[in-house]
There are 2 protein chains.
Amino acid sequence: MRAITKAINSLKNYSPILAEEPAGPQVLTDIPGPRSKVLLSTLNNFSQDPRTIKLFIDFKRSKGNYAVDADGNVLLETYSQVASLPIGYNHPALLRAARSPEYRKYLSQRQTTEMPDKNWPTMIQEILIPIAPKGLTEVIPSCGCGAGANEYAYKLAFAHAMKKNRNGASPSIQELEDALHNKGNDLAILSFKSSFHGRTFGALTTTQSKPIHKLGLPTFDWPSIQFPDIKHPYAENETHNKAEENRALAELEMAFKTSSKQIAGVVVEPILGEGGDKYASPEFYIRLQDIVHQNGALVIADEVQTGVGATGKFWGHEHWGSHADPDIVTFAKRMQISGIFYKPHLRADRAYSIYNSWHGDPIRLLNLKTVVEVMEDEDLLALSRSTGSVLKNGLMELQRRFPISNIRGLGSFMAFDLDDGKTAEALVDEMIKAGVNCGTCGCRSIRLRPCLTFEAKHAEIYLERVEYALRKMFSDNPKAW
Amino acid sequence: MRAITKAINSLKNYSPILAEEPAGPQVLTDIPGPRSKVLLSTLNNFSQDPRTIKLFIDFKRSKGNYAVDADGNVLLETYSQVASLPIGYNHPALLRAARSPEYRKYLSQRQTTEMPDKNWPTMIQEILIPIAPKGLTEVIPSCGCGAGANEYAYKLAFAHAMKKNRNGASPSIQELEDALHNKGNDLAILSFKSSFHGRTFGALTTTQSKPIHKLGLPTFDWPSIQFPDIKHPYAENETHNKAEENRALAELEMAFKTSSKQIAGVVVEPILGEGGDKYASPEFYIRLQDIVHQNGALVIADEVQTGVGATGKFWGHEHWGSHADPDIVTFAKRMQISGIFYKPHLRADRAYSIYNSWHGDPIRLLNLKTVVEVMEDEDLLALSRSTGSVLKNGLMELQRRFPISNIRGLGSFMAFDLDDGKTAEALVDEMIKAGVNCGTCGCRSIRLRPCLTFEAKHAEIYLERVEYALRKMFSDNPKAW
């Protein structure tokens, strides 16, 4: 035990931030290395399953697109804190902003909804409203995480349905009594199988990507349908793909007709991320939107993973085209804070009915301000699109020689498939050994979630290492990079 | 619109922090004053029901136990960001800490569970473990808010029940299938009517303090029973009180026998805060604990509001005495981060089954470290107890002359009742006009949630203002303070 404490204490001598982004990955030890193993064993004494730790990051030394781990290994990031790191580690603009007096003001206290700082309205107006999706000019920046954001959206959809059901009348005494005693509500949110919307109980009901997320946990009896099973490239498999989309839309229409519950909203990701980077065509989403609206329900676009530029547009649903008209858009991850944008007419008509004690974190909102400024100054949406092309072309080239398939993506938000989950996990392991931090999704996909600052030069290193790892796995003659 | 923007912009000239805590409240304008009204109207353009805003706080100028609002009014805090402000505004120790390089490191990035900073294990070990409730030596500091913390606890209780039901065997294929498709789970958490445990859908099911929190929202069909209806002082109403406690415990035993669902856990606040500061005797809680354990379920103590010293002990459940043995303790608010402490044998046996992408916020954990240091250095638990006595004696004195009743409290966590809700709201209004920020709870109670730094001198000012407000409301001859 003393040895462990000593080893931990030695870690306290922080190294400075790397002056510049490294030229490439550098793997010095096994991963996890000896220091990381001590940390895993320490954490295991009092918290958290060590199997859920991928890396211990040295937040102080990491720089740009490169994570430095506790053992000094330098890894190219294509996972980026599960898609939550918009402009890389220790971006100079964020470091500069953090020295401003504004930050200090908010460091020593948290604000609640009832008693926000006097600058809060201006901050929302100047930081959040300019990036609001078209027509969604109200925002609630209140929720702790993506799950909380989605549950806010579900609540707003339920409040909207109840208001319509009551024709604007006030709730009866009986309704109030029933609410208090958990009785008599038959509203539901419809979701797609393979979706991930978070892990709180309402969000979890709509999450259907893996059994482990909800094993043994009560969930609501809400309807769900199969997302279209699209083959890539889309155009080359158009007959199959259109048939799949028609099948899903017919199921959606049928659900509205036959569900024993009133469907107040349909939640959908513009790309089903955790569920395996599943795509559908813009036309599918527009037709889905029409069906939902015809049935008096709301479209909730879960942009927790697709938001803030990764797809080459600020919001993923912008890819649906000019008719895109979601009623609520939820956000978290790269946004630094979580919450919802929504149409003004949906605002709940009763104070405290859709509500949370916490109302955003001013520090994280200030970070978002800097992120958005950097995105504009450095034209990062365009960069995401051009890097995406480099990645896609490179993966297509590899597909000719190795058993990878279904290469797909928008911007640098990309994925490809291996033959099965075990092979996908093995590739992730090989990639980490080769100095690239990456992750899986779905049952057999590798997902790329690089920072928006990921350039062609990073993409080339990535492709080189993928090739190396694939050779190692699938040929007797692994070429070094 | 231009006028509004101009007015807002003028607010950007921050005033410095008050050098010392003011000698007393100072009310310069109506509340809300002219600047606050502009802010309310601005916020109303794009966010949040303005009826849920009590005050716009000037975070920069506020100091210690005094909030300064956007109009420069100085208010004595007895509400403290809904019990979330442990050592007052801008405590010098927090301001000092915020200047350290450690803070800067965590300002520009957020950490996920899979990739925490390398110092995270040490931080948990050094900051959280020393304040762990007895025997609860595991901690998950992962949740965004108190509701999230409670849902974590519920999940842990469900996982524990399922493990027992399976006798340690692995889940069957059918079980995994059912989990994914929201089928076949009959587990429940039992809660008390009048409780408040948060607003996400699982937490909300157990929240039963006011209909407005859950009007129109789906909830689970989980059992709940009436909390004892205690009269204060406890000893003077012992026959009634003991009968009430026996009645509630008999209901609890009956629920275990007759519930159509398997009760995996019972969640209870050591004092029912939002529900009206409802107390029961330590004996009640110990007998409750015994019944729950005899039935193989877990005791979840929701310490979101009672934790971190307000009751004169660090944890509210310590008042249950040396036999106190909750299985899970949930925290948020004054802790600055939210999460759960729990018994080590409850750790889920499957990675990623009880999990959250975010794993605490290092900055808020560093703030907690300072809070705990200040609590020790300044012996704030003792201060909470002695200030509590001053408050209790003063309110007892006022009870002889005014229609207030049921004065109750532990430490400075106190409450008293008015005849009805309207009168309680009126008293809050009068108090705010008289320079004291305070709030209601339950249907007719005033709750005191001062900072732990609230001293006798603050208590005296508070009592003086309560007397003034009560005179104004109940006598023709209001004496000025």
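A residue counts as buried when its relative accessible area is under 20%. In this predicted model, A:Trp315 has a relative accessible area of 2%, so this residue is buried. What surrounds A:Trp315, once its neighbours within four places in sequence are left aside? The residues in contact with A:Trp315 include A:Ile131, A:Ala132 and A:Pro133, as well as A:Glu303, A:Gly307 and A:Val308. A:Val329, A:Phe331, A:Met335 and A:Phe341 are also in contact with this tryptophan.

Are the faces of S11(B) covered or open? Both are covered. On one side sit B:Phe413, B:Ala415 and B:Asp417, on the other B:Met414 and B:Phe416, and all of them are buried.

Strand S11(B) has pairing partners to follow as well. Strand S10 (residues 405-410) of chain B runs antiparallel to S11(B), and four bridges join the two. Across this pairing, B:Phe413 in S11(B) has B:Leu410 opposite. S10(B) and S11(B) form a hairpin with two residues between the strands, and here B:Gly411 adopts a positive phi near 60°. Strand S14 (residues 445-448) of chain B also pairs with S11(B), again in the antiparallel sense and over four bridges. In that pairing, B:Met414 has B:Leu448 of S14(B) as its bridge partner.

Helix H13 (residues 380-399) and helix H15 (residues 456-474) have axes 9 Å apart and pack at an angle of about 20°. Angles under 35 degrees count as roughly parallel, and therefore H13(B) and H15(B) are described as roughly parallel to each other. The crossing of H13(B) past H15(B) is right-handed. From H13(B), the residues that take part are B:Thr387, B:Val390, B:Leu391, B:Gly394, B:Leu395 and B:Leu398. They meet B:Ala456, B:Ala459, B:Tyr462, B:Leu463, B:Val466, B:Glu467 and B:Leu470 in H15(B). Sorted by class, this contact between H13(B) and H15(B) has ten nonpolar residues, two polar and one charged.

Terms used: Residues are numbered from 1 along each chain as its sequence is written. Chains are lettered from A and ligands numbered from 1 in the order in which they are written. This is a predicted model: local features need pLDDT of at least 70, side-chain atom pairs count only at pLDDT 80 or more; totals for chains, interfaces and linings use all residues. Side-chain values use heavy atoms; hydrogens and water are left out. Axes are lines fitted to C-alpha atoms, for helices over the stretch in contact, and angles run from 0 to 180 degrees between N-to-C directions. Angles under 35 degrees count as roughly parallel, over 145 as roughly antiparallel, 65 to 115 as roughly perpendicular and the rest as oblique. A crossing is left-handed if the near helix is turned anticlockwise from the far one by less than a right angle, and right-handed if clockwise. Contact means heavy atoms within 4.5 Å. Ala, Val, Leu, Ile, Met, Phe, Trp, Tyr, Cys and Pro count as nonpolar, Asp, Glu, Lys and Arg as charged, and the others, Gly among them, as polar. Buried means under 20% relative accessible area, exposed over 50%, partly exposed in between (1.4 Å probe, protein chains only). Two strands pair if DSSP finds at least two bridges between them.
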